[in-house]
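User: I would like to go through this structure slowly and learn what stands behind each term that is used for it. Please set each value against its rule as we go.

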Amino acid sequence: MNPALLEVDSVGKQFGGLVALSSVSFDVPRSSVVGLIGPNGSGKTTLLNVINGIYAPDRGSVVLDGVPTKNRSPSDLAASGVSRTFQNARVFSTLSVEQNLFIPLLHRSGGERAKSIKRADELLAFVGLEAHANKTAIELSGGQKRLLEFARALVTKPGLILMDEPFAGVHPQIKATLIRCIQEIVEREGASFLVVSHEVPDLVNLSNFMVCLVEGKVAAAGNPKDVVRNEKVIEGYLGQSDE
Amino acid sequence: MLSIFFVRKGGAEDRTLRLFGLVFCVLGLGALILYGAIGTKQGILSLLGTVFLYVTLTQAWNILGGYGGYLNFGTATFFGVGAYTTAVLFHHYGLSPFLTAPIAGVMAALLGVIVGVPTLRLRGAYFAIVTMIITFAVQIVVLNASITQGPMGIFLPPLKLSPLALERLFFFMFLGLAVVVTLLVYAIENSNFGWALVAVREDEDAAEVIGVKTTRIKYIANAVATFIIGIAGGIFAQRIMYLDPTTAFSFDISLNVVLMAVIGGAGTWQGPLIAAPLILVVADMLRVTFTSEVNRVIFSIVVIVIALYLPHGAMGFMTSLRQKYFKWRNPKTGDEVASA
């Protein structure tokens, strides 16, 4: 078995004259959390969109579990175990909380479906939304919507979960819930996470591996503590401390 | 196609409401069948026939437009293609429109698929505008084609029936079509396919990344809807007996269908059943009471008032009433499931 669940190899992406990604390479190991940091406009969300199949890379390749993802749609990749959350929580507003969790299960049948419905119930309790199961998603607070979107991303038991700024603008308690849930899912289910965030200290504690993008290129990659001390990362993203 | 959501249907009170709704629909249908069989007023039979035609068209529009959220202003395209298919087949081969109506559906669905491939990549206002423009483009093609006799149009000889029997025939044909299509839309609403469409409407990108095959879902919805609209158009050709491009591809058809869906409540199977009779009967009453200019102004005011005060249509209003009722019955939880 390949030790890496996801291999991003020399990926490049351009929008007209704008180079969003330039020869980006790194791996996401199995059962791990990879933190992805970098300044605004450095290509983090574009990279998630490429991995997710929303954008096709202009150059390079993305290999999931040993299989190239070229020309595969996001829904195909979802069936292969890739799930994601967005920068702004995108829940199905007019559906109830539990209906939101059922949408990814539509194609399942028989015993598999029954198991999935049980999992949906468990996940609502896991993220602390069980009391809101029958509420319409639009009635939830911003933080609760994040939790719902997270639970929805987990309901199919994916192998790789891409999270785009999950901690942005949420209450510390909800952030703590999200961090706890990520750690438990990695430990319990062996899933891998690729998490984009500007909350660098939290991400350093959470991640096993970290990648910093600056201007569409990998400025540094490796142990999270080493990455945040890297000169290129300090110069291109974090800046010098006052001390 | 059985819905995953069936496991979460509401409680006892919700079931009572559903049963009440079912009884109401069955009694209403029985009354309509009785009137169709014994009614002698041609004007009313004709108006009801038109109501059933629009129920059919609006229900079909609802599949992609209401559940899927794709605001289509091109119903007239597929209606006209269906109507011309049966008219041309009659004119050139002497085939009855009643026999060739399924072919009209197939032709409309074929065009729907061809047009859908590029247009269903568009969203929001762009999709709405393009579907409208396609109607005008197809109308111009039909206006200039020899097979359709261009602006001269095509005459279909009247059936050998008395005027009353003729109205009665179309009354039952369109009633049957409306019932079948309403049952189909009800089945879609309660199926996984219907829920996938709702997910597309809510957020297409989010639906796609969690595994909903959005492109396939949209194409299927479009093909089913255009097939139904084509069949309705095919039967309509025999009803009006003379078909010209202006009538068959009239933008009024597309506009009426959107209005009916929105006023009734887009994305609900009940919406078209409420709005089609409401709009057509109100429009008819205004037409006989006021001059054409005044009745259009009054009608527009009515539509604006509904849009302002009932943004989710009649069904949205009824749903909020239902929720208030459940909250009143279950003040602690306020939800339907709690009453199970």
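User: What area is buried between chain B and chain A, and what share of it do carbon and sulfur atoms give?

Analyst: The model is a predicted one, and in it the area buried between chain B and chain A is about 2400 Å², with carbon and sulfur atoms giving 63% of that area. Buried area is summed over both parts, so the value of about 2400 Å² belongs to chain B and chain A together.

User: How many residues of each chain are in contact there?

Analyst: Chain B has 26 residues in contact with 27 residues of chain A.

User: Why is the meeting of Arg90(A) and Asp205(B) called a salt bridge?

Analyst: The rule asks for a side-chain nitrogen of Lys or Arg within 4 Å of a carboxyl oxygen of Asp or Glu. In the pair Arg90(A) and Asp205(B) the N to O distance is 3.2 Å, which is within 4 Å, and therefore the pair is called a salt bridge. Between chain B and chain A the count is 3 salt bridges, and the count of residue pairs in polar contact, both at pLDDT 80 or more, is 7.

User: Which element gives the most to the side of chain B that touches chain A, and how does that side divide by class?

Analyst: Helix H7 (192-202) and helix H8 (204-209) of chain B each supply at least two residues of that side, and H7(B) gives the most, with 7 residues. By class, the side of chain B that touches chain A has 15 nonpolar, 3 polar and 8 charged residues.

User: What makes a space inside the protein a cavity, and how many cavities are there of 30 Å³ or more?

Analyst: A cavity is a set of points where a 1.4 Å probe fits but cannot get out, and by this rule the count comes to 3 cavities of 30 Å³ or more. The largest cavity holds about 70 Å³ of space, and it is lined by 13 residues, with Asn72(B), Phe78(B), Val115(B), Thr119(B) and Thr131(B) nearest its centre. H4(B) gives the most to this lining, with 4 residues.

Conventions
Residues are numbered from 1 along each chain as its sequence is written. Chains are lettered from A and ligands numbered from 1 in the order in which they are written. Side-chain values use heavy atoms; hydrogens and water are left out. Contact means heavy atoms within 4.5 Å. Buried area is the accessible area (1.4 Å probe) that two parts lose on being put together, summed over both. A polar contact is a pair of N or O atoms within 3.5 Å; within protein, one must be able to donate a hydrogen and the other to accept it, and residues adjacent in sequence count only if both atoms are side-chain atoms. Ala, Val, Leu, Ile, Met, Phe, Trp, Tyr, Cys and Pro count as nonpolar, Asp, Glu, Lys and Arg as charged, and the others, Gly among them, as polar. On a 1 Å grid over the protein atoms alone, a cavity is a set of points where a 1.4 Å probe fits but cannot get out, and a pocket is an open set with protein on both sides within 12 Å along at least five of seven lines; lining residues have an atom within 4 Å of a point. Grid points are joined across faces, edges and corners, and a volume is the space filled by probe spheres set on the points.
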